[in-house]
Amino acid sequence: MTVSSEPADLVSRQKYFGWVGRLSAAQRGILIAMLIFASMFIVYGWKQAAGLTPNMINTAANKGALLALVAMAQTLPVITRGLDLSVGATFVLANCLASTIVVDGPIATTFGIFGVLLLGLACGAVNGLIIVYGRLQPLIATLATSAVYFGIALAVRPQPGGSVNFELADFMTRSSFAIPHSVLLLLAVVVFIWIPYRRSVLGRAAFAIGSSEQAAYMSGIPINRAKMLAYTLSGLLASIGGILLTALTYSGAAKMSIANEYTLNSIGAVVIGGTSLFGGVGSAVGSIFGAFVMRTVGDLLIVFDINPVLQPLFVGVVLLVAVSLGSLRVLRIKNRLDIYR
Amino acid sequence: MSESKSPYLLSMSGITKRYGGVRALENVSFDTHRGSIHALLGENGAGKSTLIKILSGVVQPDSGTIELDGNTVSFANPQQANDLGVSCIFQELSLLPDLTVADNIGITRPPLKFGMIDYRAQRRIAEEALARVGGENIDPMETVSNLSLSRRQMVEIAKALARNPKILILDEATSALTAADVDKVFKMLHRLRDEGMAIIYISHRMPEIAELADTCTVYRNGTKVETFKNGTKSDSAVVEMMIGREYSSVYPAKSSRPTATKPILKVSDFSWNDELNGIDLEMRTGEIVGLGGLDGQGQRQLQLGLFGTLIGSSGSVEINGTTVKLNSPKMAKSDDIGIALVPEDRKYEGLMLSMTVRENLSFAAVEKMSRMGVVDKRAEEAAIDEMIALLKIKADGIDGPVGALSGGNQQKVVIGKWLMTKPRIILLNDPTRGIDVGTKQEIYQLLQKLAAEGCAILLYSTDYDELIGCCDRVLVMYDGRIVRTLAGDDLNETNLVSAALNLPEQAANRPEPKKLQEASL
Amino acid sequence: MSVSGVIARQFDRATLIAFACVIVLLLIGAMVEPAFLSPKYLIQQLHTASFLGVVASGVMLVILLGHIDLSIPWTIGVGGMMATGATGFLGPEWGVTLAVPFGVLCGALIGTVNGLGVAYLRAPAMIFTLGMNAVAQGLMVYHTGGFAPQDRATEFMRELAVGHFIPGIPNPLLIWIILGAAIVFMLNRSVLGRRIYAVGNQERSVFLSGVDTRKVILACFIFSGACAALTGVLLAGWANRSYQAMGDPYLLPTIAAIILGGTNVLGGRGKYVGTVAGVILITILQSMLSVVQPQRYFAQLGVDIPADTFRQVVFGVVIIGMLLIYGRQQLVR
């Protein structure tokens, strides 16, 4: 005779929530982020005097895609229970470099793009090397490298300026049949980078490491290689974002405020998108929606005639609310001991 | 491939491993055949775990050789050991809580399709491995963190088997299993042995080893004492080999103690969350009351409830006649109430591993030795010294982190921490689990002493011998309630087992005690 | 335990290395500019370091708990702006007298919200304090209407930042010393200090030892907010006014100083003296960069690199370098 060893709340979860209860934690996170974004966007469109025009959608998509790329970059290290505070700096550095070398004719432009992507890989790889082989804490290591990368960005573009290949810029930022190309870019990144990564051995290893690095080690998982890949790809994604920024602004600028803003907002996007800061659970797709949620907050403010200068306040409140919602589980617990992990 | 000269599948010789000044293993040898179950015995710190860690690639020996199937090998990391056919199941689970069962089983060498993980094939492998262990009722797509501890251990075993090892190592691997699951695992181990696998088994539970092993080797203080065929040595002879001294009786005599007439603790109709269903119990000073029964019947929850961590309980708790509503450990610890809890997990619930022994010892009582928030260092030092002497805590690493101490000494620190608060009621959750024989003895003597000095002790133990040997009476729990109280002559294994299984009293045809013992473990 | 024994116990390997680096840097600087080693210059450095030292004191406690406080940039801002703008809230008379306490109190308020969120709602400190930073920024922007703050610092604030109550010791340095002494005492001799280290080690065990860990966490966050606000008050006194984003340059140096001083970013370990060493080190480093001026050298080679680039790159490289020496984490075994 066996004693029921089924944890009580798993059974009840399935009973009450049906198919939703059977989704994985990551999938639930994406769903919630999607719903939040959808509702926000609907309110936004409804309140717009002109309605949801393709032009408006295009603008919103471009702005959102910028943060989405940086948020995806942030997702990878966070899954390993790390953090990358240099994503904003890499983003800005890529922007500055792109405004210098992604110019002139198609051949030069192509080489330029490769150059910028290579730079992104390099930035990520340096982060990875310091964290993996130097064994430094990710928070402080990436805080330091962000200073270095930003310094280099300043050297590349001491003053805002530069240009970009016009055809490329236009192609990246317009819409076809009302579908913004930036959204297609995001889709391409998800299909060609995120999904293969997640289904690869090293990609899954990243989740394992975030879940329990000790257990991952004892299971013989190649921890060093998995972390290196996570940080390197992160740099790559941030640099893609930098290219898109150049395409949007036709220039490069090394502004500390931009780097900080994107870094901090990327963390918010990642959290809203359902990725756990403790690692082991999450998805870049959720982070995309999280990014769009963060961006739409600002637009909603404009539409409701609230002083846009208050955007930080609302972004902060959204962040606090999002993180407090996750803490609602604290209210449901029956044994105080469970609060303390 | 060279001719295998030795009859052994595995041969380790001259193994030495030192950690700083501590000698974990000194010139140790170990051999085992194909198709055998070889048990390793020894106190904590005797070297068994270190030997296993070397064999499974977690640490490297300072010197010595390992021969596998006639070839000299060395393992730089667990992955290499796995590749050569050595699979180890540790005491600390190596499962990843946020991943699925199938992902965990296939974590290192998953089946690939176009360079990406083939999830369907992986699921099939998981199902096969689970079936082999007897865990067919575990869903491969379930997230591991949603599984109970016993299920997780089964998955851990399945994961080790999925690699088709030549050598399977189990280090205290059954400690978390329910009785029924232990049964399944034992049957599986015998099957695997018959198929030719070499199995190395570490456990502190003598009855398990008696049941399971073909050969036994005893280690003491980093050296091998003796290897012998199972069954050729008596239990006390083995224990003597392990502790190296005369071993007379296991349990100190239960002194006849004066007990007060009024109960110090009275629990009435205590219920919580469907896991505790109307508990009634009374304890008097000077009593050692045991909690028995199968795992997971509410024993842990009852003790947590008495310590103030449960929310939403009903029923009443009276301390010395006064009804109290226990809302926090802080309250339970307070002078008016005076309850102490030695928790289930000494490492992560009882200690701060990186802090020193002294800092840990004084932690729960430090406010009593301070004025206006400032600590009276002299009083504190004196009290700590006294406690260290009383409990005979091994002085080697006294100023270092408590994480470096052996399990037995760590448990002493936890107990010492609570004794410094001068509690009236002491709750202990399986305090001697995974602890060496010598320290167990000391703890048993300590419990008798505390009771004689007027404490009331509630001892939850999964070891029936311990319950019988230490307790004045035992409350057997089943499904969140106390189904039987056993004392005096009634306090024996048969009754404990039958009560645990909730069989009616005086079950006809009492089965042989030994078989029952196996089932209940 | 003798006094010298007590003092010796405060220094661990990381602290000693940090102090050694300070000396090395001073010597390098002295090669370029001999005035580096003059008492006047050193006191000046300590004066500058005090601003960072005050805020780092508070954040160190939070890091000892195993958490982090990313709200300090705008808590510094709040401290400065609320102190200079106190007359708007408290009237012309009280607003001047109570300017400093008011500013600090506002910072403590932010710390309280942080503490409640982290300790009671169990929100991850990184995200919650990040959110609070944005909220604080929003509130300050709202308060100033989006323009630069117009209020001036009070006389007392100026005196606090620039004056000398004790001859030879600038007031901010005095404040830092007093604050530091109090913290060292608290961490070593008080019950709260023990609990702070313990929570950073294993909060679960602390709870089961009968301690209300939430109050410990709340107290540290309140203190962190108050210290950050105090730095803001001092900065506003120094510049005679508060200004937008006055706290932004302090986040990286604060965390770097604490980590370089040997405090483990995961909590449970670290000595205050180490943070002192880290603060001085960072301050000297930044001063050196403005004195040594490597960009002039590069300009001579025909390469035009902005001064800020060097500041950033050297800063980052030095931190990584020093951490590689003694900040490495244990391998997972």
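In the predicted model, the centres of domain 2 and domain 3 of chain B, taken over C-alpha atoms, are separated by 27 Å. Domain 2 of chain B contributes nine residues to the contact with domain 3 of chain B, which in turn contributes seven. On the side of domain 2 of chain B, the residues in this contact comprise four nonpolar, two polar and three charged. Domain 2 of chain B is assigned in two segments, 265-338 and 423-520, whereas domain 3 spans 353-421. Domain 1 of chain B covers residues 10-243.

Strands E13 (residues 265-272) and E14 (residues 276-283) of chain B run antiparallel and are joined by five bridges. Within this pairing, Phe270(B) has Ile279(B) of E14(B) as its bridge partner. Three residues lie between the strands of the hairpin, and Asn273(B) there adopts a positive phi near 55°.

The contact between chain A and chain C involves 42 residues from chain A and 42 residues from chain C. On the side of chain A that touches chain C, at least two residues each are supplied by helices H6 (138-156), H10 (213-218), H12 (256-272) and H14 (311-326) of chain A. Of the elements on this side, H6(A) provides the largest share, with 13 residues. By class, the side of chain A that touches chain C consists of 32 nonpolar, eight polar and two charged residues.

Chain C also meets chain B, with 20 residues of chain C in contact with 26 residues of chain B. Helix H11 (residues 191-208) of chain C gives the most to the side of chain C that touches chain B, namely 11 residues. The composition of that side of chain C is seven nonpolar, seven polar and six charged residues.

Nonpolar side chains tend to be buried together in soluble globular proteins. In the present model, the largest nonpolar core contains 371 residues, among which Leu93(A), Ala153(A) and Leu427(B) touch the most other members. Helix H12 (residues 213-239) of chain C accounts for the largest share of this core, 16 residues. When neighbours within four places in sequence are left aside, the contacts of Leu427(B) comprise Gln303(B), Leu306(B), Phe307(B), Ile339(B), Ala340(B), Leu341(B), Val342(B) and Leu458(B).

Terms used:
Residues are numbered from 1 along each chain as its sequence is written. Chains are lettered from A and ligands numbered from 1 in the order in which they are written. This is a predicted model: local features need pLDDT of at least 70, side-chain atom pairs count only at pLDDT 80 or more; totals for chains, interfaces and linings use all residues. Two strands pair if DSSP finds at least two bridges between them. Helices (H or I, at least four residues) and strands (E, at least two) are DSSP runs, numbered from the N terminus. Two residues are in contact if their C-beta atoms, placed from the backbone, lie within 7 Å. Ala, Val, Leu, Ile, Met, Phe, Trp, Tyr, Cys and Pro count as nonpolar, Asp, Glu, Lys and Arg as charged, and the others, Gly among them, as polar. Domain bounds come from an automatic or database domain assignment. A nonpolar core is a set of buried Ala, Val, Leu, Ile, Met, Phe, Trp, Tyr and Cys residues joined through C-beta atoms within 7 Å. A residue is buried if 20 or more other C-beta atoms lie within 10 Å of its own, exposed if 12 or fewer, and partly exposed in between; C-beta atoms are placed from the backbone.
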